[in-house]
Every structure is written in structure tokens, then in C-alpha cells.
Amino acid sequence: MPKDAAVEEFAGLVRALKARDGRSYEALGRRLSVSASTLHRYCSGATVPEEFAVVERLALLCGADEEERRALEAAWTRADDARRPPVPEPRGEPAPQTRTEPTAAPRPAPGPERAPSPEPEPSQEPAPELDPVHARVPDLPSERRRRRWGWPGVLGGALAVAGTLALGAVLLPGKAPGRPAAPPAPLTWTVASDLWENGCGHTYLARRTPPPPPEAADARSWAAAQGAVDGGRTLVRVSVQGKGTAAVVLQALHVRVVERGAPLPWTAYRMDDGCGGAVTPRRFEVDLDRPRPVARARDGYDASGQEGRTLPAVSFPYAVSVGEPEELLVSAGTARCDCRWYLELEWSSEGRRGTVRIGDEDGAPFRTSGAKGRPVYGYDSAGRAWITGEDSGQGG
């Protein structure tokens, strides 16, 4: 691929990521620890990043999946190769010479026989020094590439160097070559993902008729025993707290869908016959059917008083500490997919930044399947049986 084409291919992928995210150069640059002008140069093709790490962070921030990140890495490699100066010609090797036919020397005139000339002394000039071995190997990565990929194994007579690097890898376990170790998070969290709306309203999808609805506190074990999946909507509560005295700033909450499929063709079972509450808590609403789901803050409402009052939405950034925890309530809905997804909480504290991935109580992704149009059953407590009911509308 021509050099300019390789750079433009890479720049086009970076521009696509930036466009999909929708944030400004300045907002993205702050999260990547680069200036807005630097990020603009990456998108325009004026500059190719020295290392892939910054591009990988951008891909994760913009929701790229594993296949997209591999394609981006391959494009960066080609662009990086195109921008590197060519490998110099090795010194000490004679330049090719044009072969010429020898011309016949004129015959000497007859005369007395001459003594043969002595043989010339062998040249005592020292042999020219050769460049190091790696300078004559065209495919060896440049120094900046080695920072990303690590040393390329045993090369020629460099066994001692390779051995030293191997020893370093043994003495420093847990650190991938070329990648800085992730900073330990200065916060802790707990998660509850089998919540019901107002403590009573929820819909599950199940293959076969389940036993009677459980109490809300027993929902997790009941659903696991039936192999039931949240129908239309999943409620998740994340309680976040700092570990030490230093404040931890929560910068953003992201949603990562790791798998999509068609909605499950199962029957929907409602856990209530309709319930309501005086308080609608503030929360983050997520539409899992969007190509790139976003957690959007929503106001809550307290109707317990005479006039009622609005509960202002939570807005990032804000701080937590060991004495000031915070609860995040996330309501994620879908009508068109069987989605498996995670939450990612972005934090910063005392000059450090990081992201923690949050799944269910077992660390697995949350799972929500569309329930619209499915047969719906509610439980008749008097008759102790499931009976046909109206579609709850969840996830519609």
C-alpha cells in the first residue's frame, strides 16, 4: 500500500471513531490525556501516534469492539511503517561496479630481458566497521515500535540480551510487554441487578411455566433456578465508595454491549398486577437498542407531599470518599435484542485515572431481552395459577 494511502486509511478510522462518539476534540482529548490539536492531527492524517496505546484508549472510549480494535491496530502499524524513515544502506559493503573489458597493453620493444617485478605486499588497511546487526534487518521494528510490541525474540548473536529480557519478565509478572500496568482503583463498589420497579413490578422471560412469583428479596435465586431472563428492562443499583481519605472523582458512566441477538422467543411472566410508588428515584436511562448506548441522567419525582417535588438528576463529574458513598441506579431497556452488557465507571484521583468494569454479582455481563409481542402471564393469587394477561409494555 502506498505511504499516503496507509496514513489516510488510519486517519479515516480514527475520524470514524470520533464521529461515532460525538464529543468534541477537547472533551475526548481530556479523557485521552492529549491536547485537542494533537487529536485533530491524528484525525487529519498530519500525525501518526508514536504508540498504539493512545489509539487503543480512544477505541475503548468510543465503544469499539474487539474486531474493530484489531483492524485499527493493523492500520496503525501500516501507517507507522509508512512514516518511518527508510533503513539506511549498510556500510562497509563494496558498491557494485560496472564490468569493463580489459584493453590490450602495447607490446614492449624487443630489448634485454628484465627481472620480474616483485609481488605487491598485501594491504594492511583495517576492515571497515559494520553497522550493528539490527540495522541490516529490514523487518526489525524501529525503537518506537519496540516500545509497543516488546523485543522480537532471539536475534542472531543477541542471546544474552534476550535472556536478560526473559529474566525481567519472570521477575515482573502480570505486566504485558509494552503496556503499563493498570492502576489499582482507589474505590470499591457493590452491585444489585435483580431489582424490581418500586419493589414490585418486573417481567421475566422463561422457557416453561415457573412456580409462583417470589418475594423481591428472593428474585435472584428464583430467576437463576428457572433460567429466567429480564424481559424488556433491567434495573441495576451500583453503590460506590472511596477506599481512603482522598476524594475519588467519578468522571463518566459508559455502557458496553458485548453481545447482541434476536429477542428470546419465550413467554413473559409479570411479577405483579400493577404497582406504583410515591417516589420515582433519579436514575440513568439506557436504550440498549441504540448502536452505541449511552447512560442518560434523568430526574426523579417524590409525590409523597401535597405538591410533590423533583429529585434532580445525578450529573458527572462528582466525588465520593470513604465517608461519602454514592448510589447509581441504571434502568436499561430493549425491544429488539437479546443483549449482554456491562457498565464501565471512569474515575480519577490524585493525578491517576482509570476505569472499572461492572457486571452482575458474579462478574458476568447483565442480560436483557426484548419482551414486546410475547405472550404475557400474570399470577392469580386466589386461584394460585398463572393466567393470560395484558402485555406490560416493558421494553416497547
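Visitor: What percentage of the residues of the protein chain count as buried?
Guide: Of its 396 residues, 36% count as buried, where buried means under 20% relative accessible area, exposed over 50%, and partly exposed in between, with a 1.4 Å probe and protein chains only. This is a predicted model, in which local features need pLDDT of at least 70 and side-chain atom pairs count only at pLDDT 80 or more, while totals for chains, interfaces and linings use all residues. Residues are numbered from 1 along each chain as its sequence is written, and side-chain values use heavy atoms, with hydrogens and water left out.

Visitor: How many helices and strands does the protein chain have?
Guide: The secondary structure comes to eight helices and 18 strands, which are DSSP runs numbered from the N terminus, a helix being H or I with at least four residues and a strand being E with at least two.

Visitor: What makes H4 and H5 roughly antiparallel to each other?
Guide: Helix H4 (residues 53-61) and helix H5 (residues 66-83) pack at an angle of about 155°, with their axes 10 Å apart; the axes are lines fitted to C-alpha atoms, for helices over the stretch in contact, and angles run from 0 to 180 degrees between N-to-C directions. Angles under 35 degrees count as roughly parallel, over 145 as roughly antiparallel, 65 to 115 as roughly perpendicular and the rest as oblique, and H4 and H5 are therefore roughly antiparallel.

Visitor: Which residues of H4 and H5 meet?
Guide: Val55, Ala59 and Leu60 in H4 meet Arg69, Leu72 and Trp76 in H5, contact meaning heavy atoms within 4.5 Å. By class, this contact has five nonpolar, no polar and one charged residues, where Ala, Val, Leu, Ile, Met, Phe, Trp, Tyr, Cys and Pro count as nonpolar, Asp, Glu, Lys and Arg as charged, and the others, Gly among them, as polar.

Visitor: At what angle do H2 and H4 pack?
Guide: Helix H2 (residues 25-32) and H4 pack at an angle of about 115°, with their axes 10 Å apart. The contact is made by Leu28, Arg31 and Leu32 of H2 and Val54, Arg57, Leu58 and Leu61 of H4, and by class it has five nonpolar, no polar and two charged residues. The buried residues of H2 are Ala27, Leu28, Gly29 and Leu32, and H2 is followed by serine 33, whose phi is positive, near 60°.

Visitor: What makes arginine 384 exposed?
Guide: Arginine 384 is at 70% relative accessibility, and so counts as exposed. Arginine 384 lies in the loop between strand E17 (376-380) and strand E18 (385-388), and has a positive phi of about 50° although it is not a glycine.
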